[in-house]
Structures are given as structure tokens and as C-alpha cells.
Amino acid sequence: MANAVASRRFLRGGAIAVGILAVAVVLEASARTGQQEQANPRGQDLYAAQCAICHGEMGRGIEGTGPALVGVGAASLDFMLRTGRMPLPHPDARMTHQEQKVTDEQREDLIAYIVGLSDDPGPAIPEVDPAAGDLSQGRELFTHNCAACHGPTAAGIAVGRSDIAPALDEGTALEIAEAIRTGPGVMPVFSEDVYDQRDLDSVVAWVLDLRERATPGGAHVGRSGPVFEGAVAWIVGLGLLLIVIYLLGERTEEGGADEHDG
Amino acid sequence: MTSPVDALARWFDERLRLASPSSKYLRKAFPSHWTFLLGEIAMFSLVVLLFTGTFLALFYTPDSRTLIYDGPYAPLQGTEVSAAFDSTMRLSFEVRAGLVMRQIHHWAALVFVGAIVLHMLRVFFTGAFRKPRELNWVIGIVLLLLALGAGFTGYSLPDDLLSGTGLRIAYSVLLSIPLLGPLLGFITLGGEFPGTDVLGRLHLMHVLLIPAGLVAMLTAHLVILFRQRHTQKPGPGRTERNVVGEPLFPTQAMVSLSLFAFVIAVLSLLGGLFEINPVWLYGPYEPFAVFAPAQPDWYIGWLEGLLRLWPAWEFTLFGITIPEPFLPGVVIPGMLFTLIGAWPWIEQRYITKDDAEHHLLQRIRDVPQRAAVGATGVTFALVIFVAGSNDVLAADWGVSLNALTNVFRASAVFLPLLAGLATYRIADRLNSRPSSPTPESQAAPP
Amino acid sequence: MSTTDEGSRQREREDRATRGAAVAFLVAIGAAIGLFVVYLSGGQTQLEGVLLFAAFGGVGVGLGIWAKVLLREPELVEDRPPLHSSPEERAEFVKVYGGATGTPTPRRRFLVRLLVGAGTSLGLALLLPFRSLGPGPENELFTTSWSDGEHLVTTEGERIRATDIVTDQIVTVFPESATTPEQRADSQAVLIGLRADRMALPEGSPATVENLVAYSKICTHAGCPVGLYRAAVGELLCPCHQSTFDVNEGARVRSGPAGRPLPQLPLGTDDEGLLIALGDFEGPVGPAFWNMTDRPGGDA
């Protein structure tokens, strides 16, 4: 008789404990999403409207369409949004530098939301101060690490299959720094352990300097380099000289007897 | 009352007996069609090269020992560079008129080879290489090869990242020769790449050996031309047995002088207004660094294209590895230049069977096989040349680099054949039309 | 009447031409003076070029007008005698030559043959000094400066920890002992952080450190540094002739003219977690050469 009573009490206690636990869990979960919703209701809406179609719910990614954004870090997100590469009109479109497609506020909301989706915030938006960099060091680092894909004048080039490393004539210091640290698209990553803050500042300083530095030799056509020099040599150089010899020489074989009279 | 010119002429005449040769040679008739001036563009470009080159040589040092750059170009300050690179920087940024002289020199090199090619095409398609001018044709090919060598050695002298990459490729092509390759490579460089002697050797070739060869061959070329007299286009009053043209003095001399002035003028315009080979942007050569796009100067572009297009066929024969670059880098160019050099004999023996002396030029269509072979060769050269810039084109046109390369591969095989066949057909058809035949085509064998 | 008209038209033409040539020469003089001014005030490349163009262009225009319009030389018609010597000239030559030396005798032929032999052998001997231009290749093409225990360093000479390299990162590395350009040239390598789920190195590949792999940076086609890396697709591209190498599969050639994969460097770590090599590359680096399949002295 006492056993039956004791087990009923035990069961009741257990049910209450489970109930409290369940309520706690539900409250916790809703508190978390509530936190998101309270902190980034705009971010979540924006994500659902513009990003989820390729990057999936909660930034989990969709195989073959859009990579997972969970843990990708604010730097990468900021880069993609600032340079107008994202949102991409469709998954196969080429990512190119454009006007930012969202407002600054929307960008910040989106970043806050996506970063909040994971515990590991991923690489943060880097600091960059070109003025603190060394121009010479930057030129050397750029030559060793960047020129292979972006060219010695940062004019970009085709890098295999359909990928094209872009020209670096647009883009702010921050955007360049973000790209270096996160390796967007097919670009590799250059992390802080190997290239420290001073290196970063220096490379960015050089890239910015390239845009303004005068070309003492005169006009440079396109990317510079022997391809364009050859074109100029033929079109301008030989072109002009062909005109010259056409004017200097005889043009017909009708004999010169009539042209010059004794 | 004698003028100063008369007095001077008399002074020389009293020592060299000049009156008779002067009256003989100064009035020589020179056919003066405008296409005959193409060779002179090349010649005058060479003169500009020699003059500007001498100036540059007074400042350049082929020394590969390193130092720390401390000149006025800020982005390179503090960087370790070779003395050769440093001397090039000094010439470009610290020597007054240095940069314009350097740029004129380099533009002159590009135009020099271009003019030789145009001149060669004119000679080829008009049959001017036929007897008695086969020897001059071969001398011309030698001149072209020397010009290519001068250009390659020349742009490698600044020891910059772009030209150093090209040197590495040349060394690898040398290495690819079976049995002798590694030995030749090590001998040429004085050791394994990069070697420390290479700049000095390139320099010697570029400022002494090759220019001596160019001047000697050009002299031979001109002496033979003088002796054989220039060819002429057929027309009223022109036969195989006469020369109709302008007198050397004063007309041709003045025309040539005018052209000389224009060549200097155009090269100077290029040298001042268009930047060429900005080595400060490329930086000093380091064997572990490289950038894209990486192309050689245009006249080596055909070889670059061949190396890009040739498939990855690397195989072993009797235990000997035949490296992939051997065929496109050594064998094919060797065969092509041999074919071109031997063309007068090939054509005479297998196509026209005509070994008579010829001084009247032909129209392009007069020997359809020659026109076809020429069209095939030119088309092939153009395709592989353009293919050498495949990455630049892929970026500019926004197309896949791999797909474009495959298109070029197919084009290199099919387009020349198509061009050859089409040219043959067109020439044939033009020949069978009942237009008034030229005296030359009447004399030409069927 | 027509001839005087002709005559006066011709004179007008010549007057115009003279004026034109005169202006051209004056432009040339002006430009030459300009060159003095530009040079003496410090020089300026663009101005120098334009003024040279004007100066020489002026001379060219002036001379051209002079030659084409003002010189009224008649066209010349000359005989073009055949280029071969006449029979009389040939006979004369034979007489002179034959007279001086007579017909070839056995004695002369014998001596000439020996002379030719001397010339040939001497000529070949005179080529010998060219051999002094450089050493023979010996083992050089088969080895680099890497050896067991060598620390990996960056271009700046800093050692690297395995934990420094993140996924999708690429760093150019050298053996610590390689300080001269010659030593760095053939030992240059790339250290890559592969995506672990894509790694598929072939059987028997040299050792890696987790997802870190190192390959020779020298393209096996024509020796350029393979400097372009597309991390997302795991492909190294050489800028010279576009050979591509799959870094996840032992740098095998995916496209382009290279004939063999990039040799891999065996990696390990020392007790401080710094990256070291465990030996030389798995094969000769760089472009192929005829005897590369005979490795003297066995593997490194």
C-alpha cells in the first residue's frame, strides 16, 4: 500500500520536473529567437527575402547554389555586401564590383543577424590604416602574393576557366583588407598569423597608391605590358610609317614619264 | 669662284679618284614603288637602335650583384635589387633624357622587327627572292633571326620580373633538348638557373656580337642589292632587261633621307608619349615571383603561343625523356625557319621549275601555290601569335580561359589550311580570268 | 597657250611646295630650340618626345616635299645586263687561273686533303674553350636545398607553425638554410591549407601535416613559379602557359601543357609545432630533361 502511494508521488514529481524542464527549454528557445527577433528582426527579414533562396534557412547553405554563411564571419559578409557582389541576381552570375545593393543600415542588420546564427563569430571586420603602412614593403608583398593574379598594375587577368581576378581600381581600403583576410570567390586567404597588421596596411597602401601614381613614361594602354605595346607599335608606329612611305614612294606603275618633266 | 662643296669634292677626288665612280653610281636608277621602302624603315630603325643603344650602354651595367635601391622612385626604396636593375632605374628616373632614350630604343626594336616582317612578306608575295636573289633572301632570314636575338637579349638586360620570367622559359626550352640540353643550359648560364653570369653574357651578345652581325649582314644585303640592282614592278616600258626608276642622287637619296627623318620622328613620338616596359612596376627579378599577364615582346609572341597551345605530350623514347617544350620550342621553330630559308629552292624545284633570272616582280596570284603557302604560313603565325595573349583576351572578352585556348588549338590547325585553300582557289580563279596579262605573267611558266 | 598655263601652274605648285617645305623646316628649327629649353630646364619625357617628333617630322616633311615636287629629275631607264659573266670574261678567268696554278696534281690533292684535315680538327679544338663557360649539370637538377629537419620559412625568413595556416591559405616557403637566390630558386615551394573534405592525395604520397600540403612552386612545363591559386576549386595555375594543377590530388595536371605533377615535399612538425620538411621533394623539380628518370644515388 505505501509502495503504490510512493510510486504515484514519484511519478507525479517526475512529471512536474519534466514539465518544468520542457517549459524551461521552450522558454529558452523562444527567448533566443526572441532575442534574434528583438535584436535583428530587420536582419532576419532581409535575409529571408534576399539571401535564403541561395544560402538556405539559417545560413546553412544549399549544395551547388550558395555556400553556408554560418560562421563565415563579419569580414566576408561585409565585403560581399559593400562591394555589391551580394545579393547575386542568380547563382551562376559573375561576382563583380558594383554599387552596394543594400543600404548601410541593411548591411549592418544582415551582418548582425548572420553572425548571430553561430557561436563562432568567424573573422571580424579587419582594421586597416594605409597611412601606417610602408609603401615599399607593400609593393614587395603585393608582387609576391597578389600580382600573380591581379597583375603588376592591379589591372586583373583571367585566372583559369571562367574566373577573372578583377582590377583593383575600385574598392576602399577596408574592402581590399577584407578581401585579403577572407579570400572571396576563388581568391586564397592571407591570414594574420602570416601577414600581420603592418603587412596588411602596407599592401593596401600600395594598391591605393597604384591608382594615383603618375606614369612617367607617358600613356599606358590597358593593362600595360608587351601585348599592348606590340599593338601600339604596329598600329601607331608602323601605321604612321606606312602612310609616310605611301606618300614618299611611287604609287602606280604607269611610268614616271608624265610626272616629271625635264 | 669655287663653292666650298666643289673644293671639298676636289680634295677627296685628288686622293680617291671619285669622279668616274660617282657619275656611274650616283645616277643609278632605283625603282621607287612605295613598298620598296619597307626595308628602309627597318634599316633606319636599326640606326636609331644603334645610336640610342650606345647612349644607354653608357649608363647600364650588366651586374647581377645586389644592392639596396635608394633612388627617387619611392615604392622601390629599401628594396634589394641587382645593380643592373638599379642602373636601369637610374637611367629612367635620374638621367636627363634617359627615359625618352630608353623608350625610343625599345619602341625602335618593336618597329624594327615589324618592318622586317612586312618587308619579308612583300619580297615573298612578289617573288623577289627568285634567282638571282636567293642569297639575299637567306641573308634576310639571318637578319630577322639576329633581330629577334637582339630584342630578346635586350629586354632581358634590366633584370626585371617580366623579362626574367622569359629567361627562365628560354633556359627550360634549352634544357629540353635531348642529350645536350642540361649541359647547354648550364654552360650558357654558367651554372644552374638563375646563375650569376647570365646578364654579362646577354649584354655582350646584345651590344657587340649581335649588332656586329646585323651590320655585317645588312652591308652584305645592300651590296648584293646594289650589284644586282633592285627588282621592279611590271609596267609600260619595264622589262627584264632594264631598270626604270629615280636616280640615286638626288632623288632617291632625298627620299631616303626624308624617310630617315620620319622614322626618327615617329619613334620619338612613341618614345615620349607611350610608356613601354615600366620595369619599376614589375620590380626586380626574383626566381620565386611571377605575375600575370606574362608575355614576351610581340615578335616572340608566336613562340609563346606555341608553348601555350601545344598539348601535354611528354614521353620517353629508348629511356630518354622527351620533355614537352622540346617540340614546340625547338623542333617546330627550327623546321619553320628552315622551310622559310629554303623556300626559293623549294619553289624552284617543286612548283615553278623556273630557274631563269628574274627582275620583274609578280602579282600575288601569279604563283597560286606560293600565295597559298604564304597565306597558310601567315595565318598560322597570326593564330599562334594571338594565342600567346589568351589570358588577356579571356579577361577582356569575359570568356573562359580554357575554352578560348581550345578554340585557338583548333584554329591553329584548321584556319591556316582554310586560308591556304581559299587563297589558292582565288588566285587560280583570278588567273583564269581573261584580264590583260602582264609581260611578266606572259613570261612566267604555266 | 596651254604650255604657258602649264608652266605657270607648275610654278605655282613649286611655289606652294617651297612655302610648305620652308614652314616645315622652320617648325623643325623651332622644335630644336624647344628641345634646348626643355632639356636645360630639367627635361620632361613627353615634351622631349613630341619636340623630337616635330623637329624630325619637319625635316622629313620638308625633304619629302622637296624630293616629290621640287626635284624635277627625269625618270632613268638603264640597261640591266645579265648577271652571269660573259663567255669571254669566263675564258679570261680560266686563262688567268689555269695559267697561275696549272692542273691539280696528285701531290697537290694529297696536301690539300691533309690541310682540310688539319683545319677541321683545329676548328673543332677551338670550340673547346666554350666548354669552360659553365659546369656540367651533374646532380644539380635532381636535388634542391631541402633535407630532413629543415624548417619551412616564409619569404621574409620567418618560421611557420602548423596552426598559422588556415584553410584556403597559400604561402610561398623555402628551407631555412636557403639564403642565396640560387638556393631559393630551385627549393621554392607553396604551402597550402587544403579543405579537409576534398583531400584525395594519391597512394604513397609524401607526408602531410593534417590538411597542410607543400608542393614545388616550379612549373614542370617551363619553370615559371606557379603563382596563381584558386582556393575554392583547389587549382594552381601557372601564368606562363596556363598549366593547372589539382592540389587536392597531388598536384596532378588538370589542363595545359605540363607533362607531370608538381613534386610534393614531405612535411612534418618539430616538437614546438613548427613546420619542417622530412626530406627533399619526391622527384626532380621543374621542367623535364632527357635523363630525369635516372636518379643517381637513390631518393633523398
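How many residues of chain B are in contact with chain C? In this predicted model, 79 residues of chain B are in contact with 68 residues of chain C. On chain B, the elements that contribute two or more residues to this side are helices H5 (98-125), H7 (161-175), H8 (181-189), H10 (248-273), H12 (301-309) and H16 (401-432), together with strands E4 (242-247) and E6 (320-322). H10(B) supplies the largest share, 15 residues. By class, the side of chain B that touches chain C comprises 46 nonpolar, 21 polar and twelve charged residues.

Strand pairing also links these two chains. E4(B) and strand E1 of chain C (residues 76-79) run antiparallel and are joined by four bridges. Within this pairing, Val77(C) of E1(C) stands opposite Val244(B).

The largest nonpolar core contains 250 residues, of which Phe112(B), Leu259(B), Val263(B), Leu267(B) and Leu191(C) touch the most other members. H5(B) provides the largest share of this core, 18 residues. When neighbours within four places in sequence are left aside, Val263(B) is in contact with Ile41(B), Phe44(B), Ser45(B) and Val48(B), as well as with Leu241(A) of chain A.

Chain A is divided into domain 1 (1-39), domain 2 (40-125) and domain 3 (130-212). The C-alpha centres of domain 2 and domain 3 of chain A lie 23 Å apart. Contact between these two domains involves 13 residues of domain 2 and ten residues of domain 3. The side of domain 2 of chain A that touches domain 3 is made up of six nonpolar, five polar and two charged residues.

Methods
Residues numbered from 1 in each chain as written. Chains lettered and ligands numbered in written order. Predicted model: local features only at pLDDT ≥ 70, side-chain atom pairs only at ≥ 80, totals over all residues. Contact = placed C-beta atoms within 7 Å. Nonpolar A, V, L, I, M, F, W, Y, C, P; charged D, E, K, R; others polar. Pairing = 2+ DSSP bridges. Core = buried A, V, L, I, M, F, W, Y, C linked by C-beta atoms within 7 Å. Buried ≥ 20, exposed ≤ 12 C-beta atoms within 10 Å, placed from the backbone. Domains from an automatic or database assignment.
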